[in-house]
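Trainee: Could you take me through the charged contacts and one of the helices of this model, giving each cut-off as it comes up?

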Amino acid sequence: METAQVNQPVLRLGSTGPAVKELQKLLQQRVPIISNLKVDGIFGEVTKMAVEVFEYRVFLKRDGIVDAKTWKALYAGKRDDLPVLRRGSRGDDVARVQDVLKFSVITAEYMGFDGYYFGVVDGDFGAKTEAAVKAFQKDRELVVDGVIGAKTWEALMELAAIISHIGF
């Protein structure tokens, strides 16, 4: 891990300074869809929105706050601490997968189908989540085992990037 990642401060709406400029440069690379993002050292609403889009794409908590996990993912361009998830798994990562696989009306219209997950976003990897993951894996021509490992995470991040273009 680079030293710069460890020494970066936690940033949020209202933060200013060189670390915010560094953040904005990284966001311009990672989230080019936010075309009005300026490198001005001021963490305003546009920077917060870009952070939230990035967090969504890499399955981090979407809070617009740049902490150590967000910095690390920004430098890497992805999250490298994604767990293997399967039936019986519980927690925030499961909820974020459910959220991405459960299409909004706008997303469904854009994608041309209703999505993969039709249950409650509850962070509980049960039968409905497993069925959604298997359908997603089949569509992406992955091994259809209902387990979210590295290849499925990669495909989910690609889907999240597409969805983030449409809007939340």
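Trainee: What is the relative accessible area of Glu 158?

Mentor: This is a predicted model, in which local features need pLDDT of at least 70 and side-chain atom pairs count only at pLDDT 80 or more, while totals for chains, interfaces and linings use all residues. Residues are numbered from 1 along each chain as its sequence is written, and side-chain values use heavy atoms, with hydrogens and water left out. Buried means under 20% relative accessible area, exposed over 50%, and partly exposed in between, with a 1.4 Å probe and protein chains only. Glu 158 falls in the partly exposed class, with a relative accessible area of 44%.

Trainee: Which residue meets Glu 158 in a salt bridge?

Mentor: A salt bridge requires a side-chain nitrogen of Lys or Arg within 4 Å of a carboxyl oxygen of Asp or Glu. Glu 158 lies in helix α8 (150-166) and its partner in the loop between α7 and α8, so the pair ties together parts that are 18 residues apart in sequence; helices here are DSSP runs (H or I, at least four residues), numbered from the N terminus. The N to O distance is 3.7 Å, and the partner is Arg 140.

Trainee: How many residues apart in sequence are the parts that Arg 90 and Asp 124 tie together?

Mentor: Arg 90 forms a salt bridge with Asp 124, the closest N and O atoms being 3.6 Å apart. Arg 90 lies in the loop between α4 and α5 (92-101), whereas Asp 124 lies in the loop between α6 (105-111) and α7 (127-139), so the parts they tie together are separated in sequence by 34 residues.

Trainee: In which helix do Lys 48 and Glu 52 both lie?

Mentor: The side chains of Lys 48 and Glu 52 meet in a salt bridge with an N to O distance of 3.2 Å. The two residues are four residues apart, about one turn of the helix, and both lie in α3 (residues 45-57).

Trainee: Which residue caps the N-terminal end of α4?

Mentor: Helix α4 spans residues 68-76, with Thr 70, Trp 71, Ala 73, Leu 74 and Tyr 75 buried, and just after α4, Gly 77 takes a positive phi of about 85°. At the N-terminal end, a side-chain oxygen lies 3.3 Å from the backbone nitrogen of Lys 69, and the capping residue is Asp 67.

Terms used. Polar contact = N/O pair within 3.5 Å; in protein donor to acceptor, adjacent residues only side chain to side chain.
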